[in-house]
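Hello,

Here is the structure I promised to hand over.

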Amino acid sequence: MDFNMKKLASDAGIFFTRAVQFTEEKFGQAEKTELDAHFENLLARADSTKNWTEKILRQTEVLLQPNPSARVEELLYEKLDRKAPSRVTNGELLAQYMAEAAGELGPTTPYGKTLIKVAEAEKRLGAAERDFIHTASINFLTPLRNFLEGDWKTISKERRLLQNRRLDLDACKARLKKAKAAEAKATCEGDTVPDFQETRPRNYILSASASALWNDEVDKAEQELRVAQTEFDRQAEVTRLLLEGISSTHVNHLRCLHEFVESQTTYYAQCYRHMLDLQKQLGSSQGAIFPGTFVGTTEPASPPLSSTSPTTAAATMPVGPSGAGLAPPGEAALRLEEVSPPASGTRKARVLYDYEAADSSELALLADELITVYSLPGMDPDWLIGERGNKKGKVPVTYLELLS
């Protein structure tokens with residue numbers, strides 16, 4: 001019990017000394033040991049890394065799971081070290097509703113058949129989204145979270161310890177400074193030659209005794225300062241090594257960022273393939289249900305024309321299937337110059353992107369020009385016949401915006 005009380009009293013004294021030193025520094029009444037510029041730069045870079053890692057982590061979580069309630073639930077399961085229940089994605093839920101609607105409205109009707117096809121595509125999209133979320137969480141979110149909950153906590157702990165060592169060092173410097181000032185004052189008073197004719201030369205004796213006491217106090221303060229300086233230097237070196245490790249953290253986060261981009265690219269590529277397959281299926285069925293209509297999206301997903309040059313657009317937009325293999329048997333021998341447009345069913349179309357013809361059966365296109373387009377029986381729904389003046393040829397639907 002005595003040992004515990006002594007330790008408690010010692011800790012309380014150290015805490016009080018640090019508090020006094022910190023308060024005096026804030027009011028400008030005490031000197032503060034400044035760290036070198038390189039160390040300060042390391043501290044600033046570490047703080048910046050921590051702050052931006054937190055922001056990127058939170059926003060990535062929002063991207064992967066927009067529902068805040070679901071994020072809170074997943075966080076609770078993670079804190080409790082329990083596996084979160086499997087959650088149905090929005091695409092899978094939509095697919096379920098569409099399939100149920102098709103079963104009730106009639107799976108053999110045109111509307112029911114289309115609902116079933118779209119439901120299958122949405123289900124594949126939901127599965128792709130689930131894989132993307134899982135991959136991104138493991139390869140990107142987990143390393144960022146491990147840094148914040150592991151390395152950064154260690155750095156913060158050592159920084160707090162360094163701050164305490166600095167306060168102890170500055171307190172020792174202040175104590176030594178006061179002791180030296182008192183010793184000098186006592187020495188000056190003791191150097192005065194006493195008048196031994198006096199009956200009580202007490203002042204001289206007291207001054208000599210005080211000088212000896214302050215001399216001992218200076219020696220003790222110098223010893224404490226050397227110990228405090230050694231502990232501060234050792235802690236500063238440990239903290240510096242941890243802060244320099246932030247460079248390795250940046251390298252690790254860079255690798256994780258590449259993996260995140262790769263998983264996101266794979267996800268969107270899968271979505272594009274699924275939707276392209278769905279578009280072809282719907283185009284075939286729509287041509288059978290509504291003869292003479294034009295199949296294709298009037299506003300294909302693409303960057304704005306104003307911000308994308310023709311060369312960039314042609315390089316970034318997915319190129320439609322090549323002319324080979326597009327036409328069914330019998331159309332390959334079709335001579336376009338002998339084809340006459342139908343009496344009704346022609347439409348105007350605006351070209352969205354430059355398109356270079358692959359062969360003589362295709363029509364080269366320039367962005368923003370207007371052409372006349374129409375379809376032929378049995379023709380691939382991804383292609384139309386386009387006319388510009390006396391020239392005609394096949395054109396991909398994805399490069400057109402059909403007008404009235």
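**Aromatic pairs**

Phe-132 and Phe-260 are both buried, where buried means under 20% relative accessible area, exposed over 50% and partly exposed in between (1.4 Å probe, protein chains only). Before going on, the ground rules: this is a predicted model, with local features needing pLDDT of at least 70, side-chain atom pairs counting only at pLDDT 80 or more, and totals for chains, interfaces and linings using all residues. Residues are numbered from 1 along each chain as its sequence is written, and side-chain values use heavy atoms, with hydrogens and water left out.

Rings of Phe, Tyr and Trp (its six-membered ring) pair if their centres lie within 6.5 Å; planes under 30 degrees apart are stacked, over 60 edge-to-face, and the rest tilted. That rule gives eight aromatic pairs. In one of them, the ring centres of Phe-132 and Phe-260 are 6.2 Å apart and the planes are at 35°, so this pair is tilted. Phe-132 belongs to helix α5 (residues 110-190) and Phe-260 to helix α7 (residues 246-289), so the pair ties together parts 128 residues apart in sequence. Helices (H or I, at least four residues) and strands (E, at least two) are DSSP runs, numbered from the N terminus.

Tyr-355 and Trp-383 make an edge-to-face pair, 6.5 Å centre to centre with 70° between the planes. They also link distant parts of the chain, 28 residues apart. Tyr-355 is in the loop between β1 (347-351) and β2 (370-374), and Trp-383 is in strand β3 (residues 383-388). Tyr-355 counts as buried at 10% relative accessibility. Trp-383 is buried at 2%.

There is a cluster too: ring pairs link Phe-132, Phe-140, Phe-260, Tyr-267 and Tyr-268.

**Charges over rings**

The test here is NZ of Lys or CZ of Arg within 6 Å of the ring centre and within 35 degrees of the ring normal. The charged end of Lys-394 sits over the ring of Trp-383, 5.8 Å from its centre. Lys-55 lies over the face of Trp-52, 4.4 Å from the ring centre.

**The sheet**

Five strands form an open sheet in the order β4-β3-β2-β1-β5, with antiparallel pairing. Two strands pair if DSSP finds at least two bridges between them. β4 (391-396) and β5 (400-402) are at the edges with a single partner strand each, so one side of each has no neighbour in the sheet. β1 and β2 pair antiparallel over four bridges. Lys-348 has Thr-372 in β2 as its bridge partner.

Best wishes
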